[in-house]
Amino acid sequence: MRLALTRRLPAPVMTIVARDFVAWFNDEDRTLSSDELVRAAADHRADVLLVMAMDRVDADVIARLPASVRVIATFSVGHEHIDLAAARARGIAVLSTPDVLSDAVADMAMLLLLAAARRAREGEALIYQRRWTGWSPTQLIGRDVTGGRLGILGMGRIGRAVARRAHHGFAMQIHYHNRNRLDAGLEDGATFHSGLETFLAASDFLVLAAPASAQTQAILNTRTIAALPDGAVIVNISRGGLIEDAALIDALRRGKLSAAGLDVFNNEPEIDPGYLTLPNVFLQPHQGSSTIETRVRMGEVLLDSIHRAASGQSVANRLV
Ligand code: DGY
């Protein structure tokens, strides 16, 4: 099979790509424009287009893809960058990488939660800027994570992996808001809120783990922030689009919210400069799944499922 790959993947995955496919990859290793994406598929007569979450595979791109393309595979669990209806209409299968990255992303959520609540960035600045004058009973007092109330927006695989860590590791009381209530086994003692308002009121710590969609666009905004307890801590491991940046920045500046830990942003990598002026944020450059074990598993799962989908077998990670 002929495969066009938009970015360089970790070396063990590239080895499989080279072994199992007639592959072209973008050795400039940058996000391609829509025209470049279409040209890459056409020039290399690709059966498979392997894309990243930053590649926009919208209806226009899908309409212009050459007839050779039978599979679009995305090296991500998020798939809001692909127009699934347009792919379905052209008979193109779409594959993603669910499950294998849930633990790594949930670990990142805990890193952000702890770092934000315990003011890690300000502490680090004291040391690196040589301003630390010694232990003090009032220095950089943060919030207790252990035993706190954690609200999880979106209780899919990643949300549940965060809940397990927070509940069993940190004795947190888990509250969640989701399209549907989970069955008791999956709920694992968490409290379901069908309404957003009661959910927010119970979230001293709030983790955004819902996928990007029209329903979740800017779900954290001036109105919903007002419904959170004063001093709440926000964590985002989903997509920047869930947050209205101006509202979050304003609430962090005013002290309505005490801190935020963010791994994802609107308009990456051009993040809102307001964040850079705040001491009470802990920021990471979209690193949720970035461990060697996880990235290799993502590659293995995706490449394996391409062969299986192309030969007509049923594939669990097939979106359409
Ligand atoms: C994902 O898998 O969706 C990650 O956010 C990487 O894009």
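A polar contact here is a pair of N or O atoms within 3.5 Å; within protein, one must be able to donate a hydrogen and the other to accept it, and residues adjacent in sequence count only if both atoms are side-chain atoms. With that in hand, hello everyone, and let's look at the ligand.

First, some housekeeping. This is a predicted model, where local features need pLDDT of at least 70 and side-chain atom pairs count only at pLDDT 80 or more, while totals for chains, interfaces and linings use all residues. Residues are numbered from 1 along each chain as its sequence is written, and side-chain values use heavy atoms, with hydrogens and water left out.

So, which polar side-chain atoms lie 2.7 Å from an oxygen atom of the ligand? One belongs to His286, and another belongs to Arg239. Gly78 contributes a polar backbone atom, 2.9 Å from a ligand oxygen. On its own the ligand has 230 Å² of accessible area, and the protein covers 85% of that (Shrake-Rupley method, 1.4 Å probe).

Around the ligand, meaning with a heavy atom within 4 Å of it, we find Ala53, Ser76, Val77, Gly78, Leu101, Arg239 and His286. By class, that shell has three nonpolar, three polar and one charged residues; Gly counts as polar in this scheme.

Now the domains. Domain 1 covers 2–100 + 291–310, and domain 2 covers 102–283, with bounds from an automatic or database domain assignment. Their centres, taken over C-alpha atoms, are 31 Å apart. Ten residues of domain 1 touch seven of domain 2, contact being heavy atoms within 4.5 Å.

Finally, the second largest pocket has a volume of about 350 Å³. A pocket is an open set of points on a 1 Å grid over the protein atoms alone, where a 1.4 Å probe fits, with protein on both sides within 12 Å along at least five of seven lines; lining residues have an atom within 4 Å of a point. The volume is the space filled by probe spheres set on the points, which are joined across faces, edges and corners. Of its 16 lining residues, Arg56, Glu80, Arg239, Phe265 and Asn267 are the closest to the centre. Thanks, everyone!
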